[in-house]
Amino acid sequence: MNNNPHDVWIVDDDPSLRLVMSEALSDAGYRVRSLVSAEDMREALAGSRPDVLVTDIRLPGEDGLALLRTLRTDHPSLPVIVVTAHSDLGSTVAAYEGGAFEYLPKPFDLDELVALVARAAQTVTKKDVRTPGAHEPVTQDVLVGEAPAMQSVFRAIGRLAKSSVSVLITGESGSGKELVARALHRHSPRANRPFVALNTAAIPAELLESELFGHERGAFTGATARRIGRFEQAHGATLFLDEIGDMSAALQTRLLRVLAEGEFFRVGGHEPVKVDVRILAATHQDLQARVKAGQFREDLYHRLNVMHIQVPPLRDRRDDIPQLLDLFMSKAAQELACEPKRLTADAMQLLRDRIWSGNVRELRNVCRRLTLMAPGRIIHRGDLTTLLGENSDARAATESWGTSLRTWARAQLATGQAGIFERASSELERILIEEALRQTDGHRQHAARLLGVGRNTLTRKLQGQRD
């Protein structure tokens, strides 16, 4: 129980969720008041105010984001925790820009909610200072997804919305690193300036220097006029350097100088050019491993890695595939100027279970192919084998472990052994936790998000395994 209880108000139109949140917070020692709508909240504020507010985004009447903007003006010191089942990037960024203390996508662990309220309560001050103006909602990005791994990406973008720091974006090819970079730019103070992108691996090394820094007339054969490079084009704006891990050692040195001193020389130039550029860099490679191997400068790595966003592969966010399919099938119909086509439940499931080695990019290309080549408006499971030139072994990624488990279960049951459910469940839980911790280098909060559980729940399970 808390020795110094705080008042926590909950605004949510779901009575069941209000009840479980209220009980969890009351058990933790908080004085809890439950409300149904933003209008109820405004009426209640006429007589008092809470120490912490927990509110949904989707409310009857005025939505939670509008309420959040008003509270930011009238009660700027009130910490607000936003919870919602509609956890898209636009809502996430809008929540943070509206002044939210934290953003918690449903379903969430009640222990995580209680821990967040405790953190928020520590920041409480009753002195409100009115501030003019409020941010308008941010338009929704192409990035979509409700999987825990994507929610981590959305939260990172939201937290960086007012910043111009360098960000290193890592992830497999086709996972959407450039989309993340564009979202970072679009929700940054430089949003009204250009987003300048360059794939450093797509340009020969001997031309990349000129591409980045420009050149003077006569600097080399064929340089008949001065050329402005990408850095000058991105002055006051954002420069996205894709596949930075493939950059040569010489160019790494030049890039480091620009980041350290804010100036460079054009090829063949003698006067320094000063620039103010935000760098967003991306790579599918393990830069730390390349640093250890002497293939990437450690000082440059740390200059780029001020903040780090890991974009998950599609296999780690399979629950997002139906949403992505709806989006890409609709976009493909617009691009190809034809009627949108629909997948049957069986066809959708087959694509959900498919091995997507090319990640989201491959999924989008498949949607274009299906839209162009499928014979009817409805795409059936059988159509996929013909159109994609594949067998049902596309399900191998999810069926392989299930087949092994089934074989093991039959063998155990045949011997008459009892208690196999507990043993199998315990082993499955242990493997999932170990792999999540391995994937996140032992970071429990990140591992818990990947597993879809609260950090406190993960801690208890680890303790139980040790005991």
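Let me start with a pair of helices: α8 passes α10 in a left-handed crossing. Left-handed here says that the near helix is turned anticlockwise from the far one by less than a right angle, and right-handed that it is turned clockwise. Helices (H or I, at least four residues) and strands (E, at least two) are DSSP runs, numbered from the N terminus.

Before going on, a word on the model. It is a predicted model, in which local features need pLDDT of at least 70 and side-chain atom pairs count only at pLDDT 80 or more, while totals for chains, interfaces and linings use all residues. Residues are numbered from 1 along each chain as its sequence is written, and side-chain values use heavy atoms, with hydrogens and water left out.

Now the overall picture. The chain has 20 helices and 14 strands. Of its 467 residues, 47% count as buried, where buried is under 20% relative accessible area, exposed is over 50% and partly exposed is in between, with a 1.4 Å probe and protein chains only. Take the contacts in the chain with a separation of 6 or more: 71% of them come from residues 24 or more positions apart. Contact means heavy atoms within 4.5 Å.

Back to the helix pair. Two packed helices are described by the angle between their axes and the distance between the axes. For α8 (residues 205-213) and α10 (residues 249-261), the angle is about 15 degrees and the axes are 11 Å apart. Axes are lines fitted to C-alpha atoms, for helices over the stretch in contact, and angles run from 0 to 180 degrees between N-to-C directions. These two helices are therefore roughly parallel to each other; the scale is under 35 degrees for roughly parallel, over 145 for roughly antiparallel, 65 to 115 for roughly perpendicular, and oblique for the rest.

Which residues in α8 and α10 meet? From α8 they are Ala-205, Leu-208, Glu-209 and Phe-213, and from α10 they are Leu-251, Arg-254, Leu-255 and Val-258. This contact divides into 6 nonpolar, no polar and 2 charged residues. In that count, Ala, Val, Leu, Ile, Met, Phe, Trp, Tyr, Cys and Pro are nonpolar, Asp, Glu, Lys and Arg are charged, and the others, Gly among them, are polar.

A second pair is α2 (residues 38-45) and α3 (residues 64-74), packed at about 25 degrees with axes 10 Å apart. α2 and α3 are therefore roughly parallel to each other, and their crossing is right-handed. Ala-38, Met-41, Arg-42 and Leu-45 of α2 make the contact with Ala-66, Leu-67, Thr-70 and Leu-71 of α3. Here the division is 6 nonpolar, 1 polar and 1 charged.

Next, the sheets. Two strands pair if DSSP finds at least two bridges between them. Inside it, β3 (residues 52-56) and β4 (residues 80-84) pair in the parallel sense over 4 bridges, with Val-54 having Ile-81 in β4 as its bridge partner.

β6 (residues 167-170) is joined by 4 bridges to β11 (residues 278-283), and by 4 bridges to β12 (residues 307-310). Val-167 stands opposite Leu-280 in β11, and Thr-170 has Gln-310 in β12 as its bridge partner.

Where do the side chains of β6 point? Val-167 and Ile-169 point one way, Leu-168 and Thr-170 the other way, and all are buried. In a regular strand the side chains alternate between the two faces of the sheet.

Last, β8 (residues 238-242) pairs with β11 in the parallel sense over 4 bridges, and Leu-239 stands opposite Ile-279 in β11.
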